[in-house]
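Student: Could you zoom in on one spot of this model for me and then work outwards from there? Take your time, I'd like one connected story.

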Amino acid sequence: MKKNNEYIYLGEIVNTFGIKGELKVFTESDFIEERFKKGRKVYFKIGKNYEEHTVSTHRVHKKNVLLTIDDLFDINQIEKYVGCEIYASSQDELDLDENDYYIDDLIDLEVYNTFGDYIGIVTDVLEMPNSYLLEVRGNDKKVLIPFVEAFVKDITDTKIIIEEIEGLR
């Protein structure tokens, strides 16, 4: 999940759904139930502005979230939002479990092996079917490290310690 100082990116409104005012949202959020629960504030990015809305309902349908907002239950009222990005306020950060992280909190962290050798800097986190991979760039080389307990031994605010994988360098 990407975030900036004020907003956390949740996804993009890709279409309307039906005639009763549902918006189809493509999201990569791991916190769908929390982010889109009734009464939660969301922000639609329109140009450079963020328009606040309140979630009325949500449901998951074929890997998308179908969302109604502000009691707008007419397709004619919501068509203008198709193509908008949808955000949450960074003030609404969720309390994460001990081993959960926001993707943006991992980006730019330095990666070291358990011997203290520098591996590189996290440049991206890739979602795979079974887990996530840390994309790490260092020494003119890109490596992918499984983001699982067997390899990631410790994470602080500034670095990640990994059990080095044979052939990593």
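Tutor: D108 counts as exposed, with a relative accessibility of 57%; the cut-offs are under 20% relative accessible area for buried, over 50% for exposed and partly exposed in between, using a 1.4 Å probe and protein chains only. Keep in mind that this is a predicted model, where local features need pLDDT of at least 70, side-chain atom pairs count only at pLDDT 80 or more, and totals for chains, interfaces and linings use all residues. Residues are numbered from 1 along each chain as its sequence is written, and side-chain values use heavy atoms, leaving out hydrogens and water.

D108 lies in the loop between helix 3 (103-106) and strand 7 (110-113). Helices (H or I, at least four residues) and strands (E, at least two) are DSSP runs numbered from the N terminus. What stands out in the backbone is a positive phi of about 75° at D108, which is not a glycine. Most residues other than glycine have a negative phi. K63 also has a positive phi, near 70°, and is not a glycine either. It's found in the loop between strand 4 and strand 5, and K63 is exposed, at 76% relative accessible area.

Strand 4 (residues 49-61) and strand 5 (residues 64-69) pair antiparallel over six bridges, where pairing takes at least two DSSP bridges between two strands. T57 has T68 in strand 5 as its bridge partner. Zoom out and you get a closed barrel of six strands, in the order 1-2-5-4-3-6 with antiparallel pairing. Its neighbouring strands are turned by 50° against each other on average, direction ignored; the axes are lines fitted to C-alpha atoms, for helices over the stretch in contact, and angles run from 0 to 180 degrees between N-to-C directions.

Now look at strand 6 (residues 85-89). Four of its five residues are buried, so strand 6 is largely enclosed by the rest of the structure. Five bridges tie strand 6 to strand 1 (residues 7-17), antiparallel, with I86 as the partner of G11. Three bridges join strand 6 to strand 3, again antiparallel, and there Y87 stands opposite Y43.

I86 also turns up in the largest nonpolar core, which has 17 residues; F44, Y81 and I86 are the ones with the most contacts inside it. Such a core is a set of buried Ala, Val, Leu, Ile, Met, Phe, Trp, Tyr and Cys residues joined through side-chain atoms within 4.5 Å. Strands 1, 2 (22-27), 3, 5 and 6 each supply at least two residues of this core, and the largest share, three residues, comes from strand 5. Apart from that core there's a second, separate one of 16 residues, including V125, Y132, L134 and V136.

G120 counts as buried, at 0% relative accessibility. Beyond its neighbours within four places in sequence, G120 contacts L109, E110, V111, V136, R137 and G138, contact meaning heavy atoms within 4.5 Å.

Back to the rings. Those of Phe, Tyr and Trp (its six-membered ring) pair if their centres lie within 6.5 Å, and planes under 30 degrees apart count as stacked, over 60 as edge-to-face and the rest as tilted. That rule gives eight aromatic pairs. Y7 and Y50 have ring centres 3.9 Å apart and planes at 15°, so they're stacked. They link distant parts of the chain, with Y7 in strand 1 and Y50 in strand 4, 43 residues apart. Y7 is buried at 14% relative accessibility, while Y50 is partly exposed at 25%. F44 and Y81 pair edge-to-face, 5.0 Å centre to centre with 65° between the planes. F44 sits in strand 3 and Y81 in the loop between helix 2 (75-78) and strand 6, 37 residues apart; both F44 and Y81 are buried. Finally, Y7, Y9, Y43, Y50 and Y87 form one aromatic cluster.
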